[in-house]
Amino acid sequence: MRINRIAVGENISLDQSLDMLPLEPVFKKYKNKHGSLIPLLQAAQTHFGYLPGQVFQMIADETGIPVADIYGVATFYAQFRLKPVGKNIIKVCHGTACHVQNANSITEAMRNELHLKDGETTPDGLFTLESVACLGCCSLAPVMMIGDNTYGKLNGKSAVKIVREIKMNASVGKQ
Amino acid sequence: MEILTKPRVVVGLGSCGIAAGAAKTYDRLSAIKAAGIIDFELSKTSCVGMCYKEPLVEIHDERGWVMYGDMTEDRIQEILNRHIVQKETIEEFAVSTKSLNGSEDAFFEGQVRIALRNCGHIDPESLEQAEKHEAYQAIRSILTTKKSSADVIQTVLDSGLRGRGGGGFPTGLKWRFAAQSEGDEKYIICNADEGDPGAFMDRSLLEGDPHAVLEGMMIGGYSIGASTGVIYCRAEYPLAIKRLNIAIAQAKAKGYLGENVFGQSDFSFDIYVKEGAGAFVCGEETALIASIEGQRGMPRKRPPFPALSGLWQKPTNINNVETWANIPWIINHGAAAYAAYGTEKSKGTKVFALTGKILHGGLVEVPMGITINEIIFKLGGGIQNGKKFKAVQLGGPSGGCIPAELGNTPVDYDSVNATGAIMGSGGMVVMDESTCMIDLAKFFLHFTQDESCGKCTFCRIGTKRMLEILERITEGKGEPDDIQKLETLAYQIKNNSLCGLGQTAPNPVLTTLKYFRHEYEAHIFDKKCPAKVCKPLLHYSIDAEKCTGCTVCAKKCPVDAINGDRKQTHIINQAICIQCGECYTVCKFEAVMVD
């Protein structure tokens, strides 16, 4: 059941310091339009990277949809996240084609390299590891996606190499 | 045939091409062009379907047309020099050519490209190019000749086109129901929520020929009397969404979409894209409608069918991307031309996504009725690494496995259904002897269990129980009555679920039980995995004759289960071994045996 994707005891974060102003134009655009809940949630997530607690209250105030219903929708769809995510989201594809080409070894290699489980974020906030259903690049299986870049024909080693490169570039950037 | 003033270089920029490095190749070509030493015209197109050779670059010149594969950025300069300047064809990389000798690659031979007619041939971001290839001719002729909507529906009915999303319901009939429904407001929906893992034809179509889908929807809208179209597209397909939005803006600017299309008719039609948020069940019509309305994507009871009460309780007609893309061709070329392909009950062509252990993976469009073997061996080039063809998985999580023995099964709706699989959206995942069928069934159950919306008890809890049994079997803890339990649960779930997801979720287990029961029995009774996939069932040992005592395996073993001195035969301590397979991977002398 899809609701299982949310770990027990996980509360929606209520960070009061968030600036909601950038979302005003989106609310204006969807004002009084039916079926606007999902686009509103998508816009909020695009802006914040996840759905902060305040967004639920704000959408409820603007649209009149009860918070419980909004929460129901947000937890139904795989796209929505209730916790902040890393700068780079590693999406390891586990579609059928990737599965038969040993996608498990890619996830395994990522877990070992980053010491993460699925859905977790590294302490430095650089990576979040996710397994996804299908990225539609089946002929390049096994595949993973980091940010907007898709990497194909991977094995454990080459996948680790890509992640290490991103790490290195990030540390160079800091200096 | 247009006359070329200078050579034209075309790069395939579909999602898969870009993932293989086509964008970098394109950038390099732009730089070479800017340098001005070689004079050529640079343009882009989408995926032609030959994914295994990506990145693909076509070069057109006075000598003809050659398509080169594996065109990475570091290789392209040399190819340009040799092809354009030295007028040479580089056979090593040429995958298809229409140059003087007129040869064609086996991959394209045997294909009949109707839905994919423009994919990989036109720039998907250019309306002008699309129009040179018949775009908007069908809807224009319908409107200018004032063809009645009943006539259009009759043409679609006569073509024999059936829903390409998997259901296989006659498209014309579906339109007639929606057309007969009373209502001042009606909707057309394009189902682009291609959630079936292993299928990507809809993505490729949207990325490659978005105008064909828009025109198909317009024709549908005209026929049932709708003025709004919604494309429900997966958010995981950003390039498809981008190109759809570009195409919609272009069509609106030209007056092809909007109020009184083509400036004179009394037909008004508008289309917008709605991004999905990631839920497989939203491929089901009523769940998709709920999702567009902004609710949880849960299916509801039918009737009433969407044709009577769909989006916002108005009459609605939903078809999938591939179905819509076929429509303009059928109107332009006639129902008989379409029905000339295929079998008696399954007319026309179908696009298949060939993936898995196949040599030439990609998208192919073939006439219905061609056999599975023809697709896999003639078009797909057979199995990778010379291994043996074991089975093909058709129809994704709702489908089933067809064993190699039934390779002569023709692909049409009825023959495929007779095997226990379904045609589905056309994902064809090919498996060789190294695929464990129980592991595969477990994979699909894991998927459907995770994607079950939770509404029906049997689907919500039953799939979970089936998954637990499969997990137990693959861990070597299978019990004698597990097969019986799986079958009982499977039929209970099939019979007591509301929507297609639950009704078909047990299919991967039922078909593997039907054709590969011996593998289940080997796991349960002999505690062995014949394909050597299920790790807890494997037993590693070292062949004393082959072992050179190089110590590599002992060093790599994460639990120090391997003992032995340098230049002495090594031994695996079975009590400690965790069956990780590391020793098997690192041994250079094939001394590690697995059984």
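# Close-up views of a two-chain predicted model

**View 1. Polar contacts link chain B and chain A.** Across the interface of chain B and chain A there are 13 residue pairs in polar contact, both residues of each pair being at pLDDT 80 or more. The structure shown here and in the other views is a predicted model. The number of salt bridges between chain B and chain A, by contrast, is 0. The interface brings 53 residues of chain B into contact with 34 residues of chain A. Together the two chains bury about 3,300 Å², and 59% of this lies on carbon and sulfur atoms. B:Ala277, B:Arg296 and B:Phe443 supply 18% of the area that chain B buries against chain A, more than any other three residues.

**View 2. Several elements of chain B face chain A.** The elements of chain B that each give two or more residues to the side touching chain A are α1 (15-19), β8 (270-275), α11 (285-292), β10 (349-356), β14 (427-432) and α16 (437-451). Which of them gives the largest share? It is α16(B), with 8 residues. Sorted by class, the side of chain B that touches chain A has 26 nonpolar, 16 polar and 11 charged residues.

View 3. A search of the whole structure finds 5 cavities of 30 Å³ or more. Rolling a probe the size of a water molecule over the atoms shows where empty space is left. The largest cavity holds about 110 Å³ of space. Of its lining residues, B:Cys547, B:Cys550, B:Cys553, B:Cys587 and B:Ala591 lie nearest the centre. The lining as a whole is made up of 10 nonpolar, 4 polar and 1 charged residues.

**View 4. A salt bridge joins A:Lys31 and A:Glu62.** Side chains of opposite charge can pair when their charged atoms come close. In this pair the distance from N to O is 3.5 Å. Over all chains, the count of salt bridges is 33.

**View 5. B:Gly166 lies in a loop of chain B.** This loop runs between α6 (149-159) and α7 (171-180) of chain B. Which residues does B:Gly166 touch, leaving aside those up to four places away in sequence? They are B:Gly424 and B:Ser425. B:Lys24 is 142 residues from B:Gly166 along the chain, and the C-alpha atoms of the two are separated by 36 Å.

View 6. Most residues other than glycine have a negative phi, and most peptide bonds are trans. In chain A, a cis peptide bond joins A:Ala141 and A:Pro142, with omega about -10°. A:Pro142 is in the loop between β2 (127-132) and β3 (144-146) of chain A. In chain B, B:Arg302 and B:Pro303 are joined by a cis peptide bond with omega about -5°. B:Pro303 is in the loop between α11 and β9 (316-320) of chain B. B:Lys87 is a residue other than glycine, yet its phi is positive, near 55°. B:Lys87 is placed in the loop between α3 (73-85) and β5 (94-97) of chain B.

How values were computed:
Residues are numbered from 1 along each chain as its sequence is written. Chains are lettered from A and ligands numbered from 1 in the order in which they are written. This is a predicted model: local features need pLDDT of at least 70, side-chain atom pairs count only at pLDDT 80 or more; totals for chains, interfaces and linings use all residues. Side-chain values use heavy atoms; hydrogens and water are left out. On a 1 Å grid over the protein atoms alone, a cavity is a set of points where a 1.4 Å probe fits but cannot get out, and a pocket is an open set with protein on both sides within 12 Å along at least five of seven lines; lining residues have an atom within 4 Å of a point. Grid points are joined across faces, edges and corners, and a volume is the space filled by probe spheres set on the points. Ala, Val, Leu, Ile, Met, Phe, Trp, Tyr, Cys and Pro count as nonpolar, Asp, Glu, Lys and Arg as charged, and the others, Gly among them, as polar. Contact means heavy atoms within 4.5 Å. Buried area is the accessible area (1.4 Å probe) that two parts lose on being put together, summed over both. A salt bridge is a side-chain nitrogen of Lys or Arg within 4 Å of a carboxyl oxygen of Asp or Glu. A polar contact is a pair of N or O atoms within 3.5 Å; within protein, one must be able to donate a hydrogen and the other to accept it, and residues adjacent in sequence count only if both atoms are side-chain atoms. Helices (H or I, at least four residues) and strands (E, at least two) are DSSP runs, numbered from the N terminus.
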